[in-house]
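I opened a new structure today and kept short notes as I went. Here is what I looked up, pocket first.

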Amino acid sequence: MAYQPPKQGLAGQVFDVFTLLVLTVGALYLPLYLGFAGAAKTPNPIANPTWEALGQNATEAKQWAAIGIADPAAANDIITARFDYSFNWAPLIVMAVLVIGYFVLVVRLSDREYREVIEERFDPKRR
C-alpha cells in the first residue's frame, strides 16, 4: 500500500504562505529596525571641499556630475563617510540567542514531524 500523506486545505495553505512571508520579511527587517545591522556610517566632512581635497580626479568628478552631484560640497559627506566598526556585546548576545533558539525550534519541530511520518507509515496499528 502506497503512503498517502494527509491533505491540507486551502485555508491552511494560505495561512502557511502568509506566516512564511511574515517570518521572511521579519527576519530581513527586524535586525535593521533594531539597529543591529545596516550601513552605520559616520561622515567626517572637510571644510571648503574641492574635488582634489576629496581625493577625486577629473574623471571621477565627471561621474559624480553624471549621477546629479556636480558640487563637491554635496559629495563631501558621501565621500568622507566611514563605517563605524564599534562593537557592542548586547546585540551579539541577542542575535546569538535568536539564532540558537531558531535552530532548537527547527530541530524540535522537525523531530516531531519526522516521528509522526514514521508512525503513520510503519505503525502496524494504523494500517
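I started with the largest pocket, whose volume is about 520 Å³. (A pocket is an open set of points on a 1 Å grid where a 1.4 Å probe fits, with protein on both sides within 12 Å along at least five of seven lines; lining residues have an atom within 4 Å of a point.) The volume is the space filled by probe spheres set on the points. I found 16 lining residues, and the closest to the centre are Leu-23, Thr-24, Gly-26, Ala-27 and Tyr-102. Helix H1 (10-33) and helix H4 (89-122) each give two or more residues to this lining. Helices here are DSSP runs (H or I) of at least four residues, numbered from the N terminus.

**Ground rules.** I noted that this is a predicted model, where local features need pLDDT of at least 70, side-chain atom pairs count only at pLDDT 80 or more, and totals for chains, interfaces and linings use all residues. Residues are numbered from 1 along each chain as its sequence is written, and side-chain values use heavy atoms, leaving out hydrogens and water.

**Salt bridge.** How many salt bridges are there? I got a count of 1 (a side-chain nitrogen of Lys or Arg within 4 Å of a carboxyl oxygen of Asp or Glu). Arg-115 pairs with Asp-111, with the closest N and O atoms 3.2 Å apart. Both sit in helix H4, 4 residues apart, about one turn of the helix.

Is Arg-115 buried or exposed? Arg-115 is exposed at 54% relative accessibility, while Asp-111 is partly exposed at 33%. (Buried is under 20%, exposed over 50%, partly exposed in between, with a 1.4 Å probe and protein chains only.)
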